[in-house]
Amino acid sequence: HKDAYQVILDGVKGGTKEKRLAAQFIPKFFSHFPELADSAINAQLDLCEDEDVSIRRQAIKELPQFATGENLPRVADILTQLLQTDDSAEFSLVNNALLSIFKMDAKGTLGGLFSQILQGEDIVRERAIKFLSTKLKTLADEVLTKEVEELILTESKKVLEDVTGEEFVLFMKILSGLKSLQTVSGRQQLVELVAEQADLEQTFNPADPDCVDRLLQCTRQAVPLFSKNVHSTRFVTYFCEHVLPNLGSLTTPVEGLDIQLEVLKLLAEMSSFCGDMEKLETNLKKLFDKLLEYMPLPPEEAENGENAGNEEPKLQFSYVECLLYSFHQLGRKLPDFLTAKLNAEKLKDFKIRLQYFARGLQVYIRQLRLALQGKTGEALKTEENKIKVVALKITNNINVLIKDLFHIPPSYKSTVTLSWKPVQKAEMGQKRTNEDTSSGSPPKKAAAGPKRDARQIYNPPSGKYSSNLGNFNYEQRGGFRGSRGGRGWGGRGNRSRGRLY
């Protein structure tokens, strides 16, 4: 019957009818003629590239039948390349075929996918990564065994040596979804991967937008991984030592992003999970000095021309919330910093600044409460009232933290939920017992990274007691904006090869 099978194989060179029959019968009898395996696969591939779309679709649909034994990785490699099709029906068939061979042999299929991710054309690489990021989570536990997950991690590490920002985010999504990496040690491994990607050993260049963007993008991926058992110490240390001193000179390729506030928010989120820090006092001092920059002296207390004249200093509540929260978190680890590590003059100066800020704060809180009084449901959903609700969270948080620092000696016991973080269920059920309190505690760990477009910036009006609440600036935030190949972290070269297979 070998000759008869050869006639079927030759059918791929015939007309439309012969090709349609060949597309069905080549896979049907494939297993009976192992000595013609290569010829059969090559014949089917010719049909996968036929000009007639119905023949192509038929040929692709049957490809999993060739995925036996040592042929499977090759079929996986071919199907991965076929992901580059622009025909939606074909694309769907390729996805289904890949999933079906995944269930036959996950390791073999991954071999084909990663081979193309590492060496294939850019469009194939991009679609293969997206396939993994969307389809892996749909596979059953018996398919994604521990050994399979280990292979995914090993191969992903090879790819992460040279990726764009967008690819890095997708790989973090892939890896953080693996069951074997849900443990404390698994999360720790992921944090180390992110730290490696962030290149925390390098000299930080605030004037290089890509350098800044890379650090922020990596930090955003790390934040949801931190917990009381997986510490953020390395990142917090890097931010205190290298980023805070350069806060004013940071540049970003992302249009409309308040880069300074973005950095301070990330630092605040990480500070809750900082472990033992080697240079704690030095870094706390850097954080304290940066906080002072945003805590002005009252005009009458100003020296050397600071705040001279009658002009009221601008109170930047969003920045102060982040810096004060970070200082409060790290200050717990060195509770005598304000009393023993600062001289009396500095402490007095700090308390004057706190007092001045607290006075302005009380006025804003009263204005905001008055503006929101009696408003519920739909009324609170208007753009203006949303701004006021966020502003109230920020000002309440600062108020609670300032009260703590006014204690003698300063206290670090209060807990607040950062204004942009989701309110915990326990808090929602609690009634505030007094207008200045913000209950609850920082979330142990975010279930997923915060959506960048959902986070809000609040810039209060300038001046000490401005009653013009219309000056609130409320804008949406953007995240990483790099397109593939445009700004690759590892400068991925164009590794394009010939099309098949």
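Buried means under 20% relative accessible area, exposed means over 50%, and partly exposed lies in between (1.4 Å probe, protein chains only).

The model is predicted, so local features need pLDDT of at least 70 and side-chain atom pairs count only at pLDDT 80 or more, while totals for chains, interfaces and linings use all residues. Residues are numbered from 1 along each chain as its sequence is written, and side-chain values use heavy atoms, with hydrogens and water left out.

**Exercise 1. Classify Asp 289 and describe its salt bridge with Lys 285.**

Step 1. Take the accessibility. Asp 289 has 28% relative accessibility, so Asp 289 is partly exposed.

Step 2. Do the partner. Lys 285 has a relative accessible area of 31%, so Lys 285 is partly exposed.

Step 3. Check the pair. A salt bridge needs a side-chain nitrogen of Lys or Arg within 4 Å of a carboxyl oxygen of Asp or Glu. Lys 285 and Asp 289 make one, at 2.9 Å from N to O.

Step 4. Helices (H or I, at least four residues) and strands (E, at least two) are DSSP runs, numbered from the N terminus. Both residues sit in helix H15 (residues 280-293), four residues apart, about one turn of the helix.

**Exercise 2. Describe helix H15: its span, its buried residues and what covers them.**

Step 1. Find the expected span. The rule is 1.5 Å times one less than the number of residues. H15 has 14 residues, and 20 Å is expected.

Step 2. Compare. From first C-alpha to last, H15 reaches 20 Å, close to the expected value.

Step 3. List the buried residues. Among them are Leu 280, Leu 284, Leu 287 and Phe 288. Asn 283 and Lys 290 are buried too.

Step 4. Look for the cover. A contact means heavy atoms within 4.5 Å. The cover of the buried H15 residues includes helix H13 (233-243), H14, helix H16 (317-331), helix H17 (337-341) and H18.

**Exercise 3. Why do Tyr 5 and Phe 33 count as stacked?**

Step 1. State the rule. Rings of Phe, Tyr and Trp (its six-membered ring) pair if their centres lie within 6.5 Å; planes under 30 degrees apart count as stacked, over 60 as edge-to-face and the rest as tilted. The count is 12 aromatic pairs.

Step 2. Apply it. The ring centres of Tyr 5 and Phe 33 are 4.5 Å apart and the planes are at 15°, so the pair is stacked.

Step 3. Locate the rings. Tyr 5 is in helix H1 (residues 2-10) and Phe 33 is in the loop between H2 and H3, so the pair ties together parts 28 residues apart in sequence. Tyr 5 is buried at 2% relative accessible area, and Phe 33 is buried at 11%.

Step 4. Phe 25 and Phe 29 have ring centres 6.1 Å apart and planes at 15°, so they are stacked. Phe 25 is partly exposed at 29%, and Phe 29 is partly exposed at 30%.

Step 5. Find a cluster. Ring pairs link Phe 288, Phe 327, Phe 337 and Phe 350.

**Exercise 4. How many helices and strands are in the protein chain?**

Step 1. Count. The chain has 20 helices and zero strands.

Step 2. Of its 501 residues, 51% count as buried.
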